[in-house]
Amino acid sequence: MTSPIRTERHGDVLVIIADNPPVNALGAAVRQGLEAAIEEGEADGAIAAMVIRCDGRTFFAGADITEFGKPPVEPMLPTVVDRIEASSKPVVAAIHGTALGGGCEVALGCHYRVAVPSAKIGTPEVKLGLLPGAGGTQRLPRLAGVRLALEMTAKGDPISAKRAQEAGLIDRIVGEDSLAADAVAFAGEVKAVRPIPRASERAVQPDPEAVAAFQKENARRFRSFDAPAANIACVVKATEVPFDQGIAFERKEFLRLMTGNQSAAQRHIFFAERQAAKIDDVPADTPLRPIRRVGVIGAGTMGGGIAMNFLSAGIPVTIVEMAQEALDRGTGVIRKNYEATAAKGRMTSGQVDTAMAALIPTLDFDALADCDLVIEAVYETMAVKQEIFGRLDGIAKPGAILASNTSYLDIDAIAACTSRPQDVLGMHFFSPANVMKLLEVVRGAKTAPDVLATVMALAKTIRKVAVVAGVTYGFIGNRMLMPRQVEANKLLLEGATPEQIDRVHVAFGMPMGPFQMADLAGVDIGWHRDPNRIENVRDALAAEGRWGQKRQAGFYDYDEKRNPSPSPRVAEIIQDWRDKTGTPQHEVTDEEIVERTLYPMVNEGALILEEGKAQRASDVDVVWIYGYGWPVYRGGPMFWAKTEGYDKVVAGLEKHGFTVAQSLKSGSIK
Ligand code: 3H9
């Protein structure tokens, strides 16, 4: 097998080039090749300096994550980085694309670093539940100081080449298109400089104030995650002990994280997210339909948020409403949202204007005729949707993709109202649609493969994580929410309180519990259809005007700042329903809440998979991570069930009388 590493001689500079697509991950063959190339440069008397660079789209994007958990293959990355640093001849890293994780650590092991202006440098290991385990936590603070090292390791966001240069991580920014030649020239300039600058030999001052401030600022963000604290501890260690001892500490912490459940879950989600983009029976090279203009029907909260995704990506949008007032209101909200982003410094006012200029608000339905994709975002009523799709069929140009943003309804029944069901599918955005990462792409019985492929690719353009779902009530996410809600309501009657149930969910890692969610979304959702029908606690609250946060009263009472407190009135209403229904009371434990609200979600997920409404278990996990804030360190409901043990989940479900999915019983979930 040919090595992914080759060498070239440019005068007295040995250029070591990696070619390991797609992202030059530092797999075993790359590590072996790098070590051998350094030896080659050391041994050759005609060589005075070396350059390490990569072919393809990026400098090394990190260790090869697929190797984690498998038997180690020598040389390990820390050894390779040490070998580079120990070289008696200067080594220059030539960086383009993203020097991430182990890639960043290779660069830090080099004696000099040059980069193109568009390059990014970072240590995102924390996002995989890890820390830079090839000396990064010890070299980074020595080169860039404690504060930036904390930012980079514990938060994991990459920095620009410019910022890296200011911080002393990059020695020179070179031409965007002349990296190879400029790096060789730079190596020529530094080849005779002695002593050779080695990061490990530099001193770093402790900065306890910076550490304390950083921990305080990020306490919420780091809540319940193991890896940020470990990253911080390693950086602090770098300021306290000699390099070798710091490395020993880093190694110990790295292995602890690597073998833990959190990192396994986070690595699972990394691959799950990428896997979700693949459609089993649609080839990756399926020709796509061009999407140059998007139409959105409905300028309400959902429609406006959907439109923003495309405007932000530079795709013009025609947005249609029935009344001028609603149209103006919708357009105004879009502008206000953009201006708020600009006020936070995340957009320029020029970008706000460009986005707004690409929006055509209109009352004229016929204006949708030149759109390549039309997304309907109106009331969740089948009759209304069918009427709209019938009209759209008469207006949209041939080949246009027609999508519904329905959260529950049958896409096939909607498609049947058109003469072109092959062009129809669901695009289920999550609220707020311009913020939430998840997009459920609902594949109808007749949806054409290229329509599906086009929408999946488009999702990437608008920076969504898309998951394919089949036609089933509530698709993947909302269908799994239903058994949770049913049980939460039963538990109230049996003796639990909304506070207890929500607390168990928040302690589990969810952003909020079922009743907090109801208050946020609106307790009155669904109730307006038949206000005279009062069948449960929720209806009773809605009938009393306790519609949730918007009314400062729902399952909780709220003050003006929307801080919740337990509601005596709600306790009364619950007691009323306990009496009315004669429900036997018992002391509900936290464990029972987990077994009765979270296990049924897993069970429903298994049924969805058995019915072929989701392609794979990891897709179900992606839905819950990106659509509902399931804690990423638990890897999504299906992954979590595996870590809990399928037997335990099955036993818990059976104990409470649920009918358990066959695949869960046999442990054959895929
Ligand atoms: C580490 O370095 C530990 C060390 O500190 C210590 C060691 C001792 N390995 O994302 P894309 C695959 S931890 C294996 O779609 P983009 C990916 O699965 C690592 N495979 O492209 C996908 O495969 P497929 C620290 C990897 O252009 C394909 O490459 N580094 C790896 O949107 C394309 O990926 C990171 O955490 C990998 N490291 O984004 C960086 N990376 O086509 C992780 C990617 O079969 N990577 N693949 O689905 C990224 O953030 C993005 O991939 C990147 C490119 C920004 C590089």
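Predicted model: local features only at pLDDT ≥ 70, side-chain atom pairs only at ≥ 80, totals over all residues.
Trainee: Which side chain does E85 meet in a salt bridge?
Mentor: That of R139, with an N to O distance of 3.2 Å. E85 belongs to helix α2 and R139 to helix α4 (residues 136-144), so the pair ties together parts 54 residues apart in sequence.

Trainee: And R139, buried or exposed?
Mentor: R139 also counts as buried, its relative accessibility being 1%.

Trainee: How many salt bridges does the structure hold?
Mentor: There are 44. One of them joins D55 and R6, where the closest N and O atoms are 2.8 Å apart.

Trainee: Where do D55 and R6 lie?
Mentor: R6 is in strand β1 (residues 5-10), while D55 is in the loop between β3 (49-54) and α2 (77-86). The pair therefore ties together parts that are 49 residues apart in sequence. R6 is partly exposed, with a relative accessible area of 35%.

Trainee: What about K162, which residue does its side chain meet?
Mentor: The partner is E166, and the salt bridge is 3.4 Å from N to O. Both residues sit in helix α6 (residues 161-166), four residues apart, which is about one turn of the helix.

Trainee: Are K162 and E166 buried or exposed?
Mentor: K162 is exposed, and so is E166.

Trainee: Which residues do salt bridges with shared partners join into one network?
Mentor: E487, K490, E494, E592 and R596.

Trainee: New topic, the helices α10 and α11. How do their axes cross?
Mentor: The axes of α10 (residues 227-238) and α11 (residues 243-258) cross at roughly 170° and come within 9 Å. Angles over 145 degrees count as roughly antiparallel, so α10 and α11 are roughly antiparallel to each other.

Trainee: Which residues make the contact?
Mentor: From α10, A227, A230, A233, C234 and K237. From α11, G246, F249, E250, E253, R256 and L257.

Trainee: How do the residues of that contact divide into nonpolar, polar and charged?
Mentor: Six are nonpolar, one is polar and four are charged.

Definitions and conventions: Residues numbered from 1 in each chain as written. Heavy atoms only, no water. Salt bridge = Lys/Arg side-chain N within 4 Å of Asp/Glu carboxyl O. Helix = DSSP H or I, 4+ residues; strand = E, 2+ residues; numbered from the N terminus. Buried < 20%, exposed > 50% of the residue type's maximum accessible area, 1.4 Å probe, protein only. Axes fitted to C-alpha atoms, helices over the stretch in contact; angles between N-to-C directions. Parallel < 35°, antiparallel > 145°, perpendicular 65-115°, else oblique. Contact = heavy atoms within 4.5 Å. Nonpolar A, V, L, I, M, F, W, Y, C, P; charged D, E, K, R; others polar.
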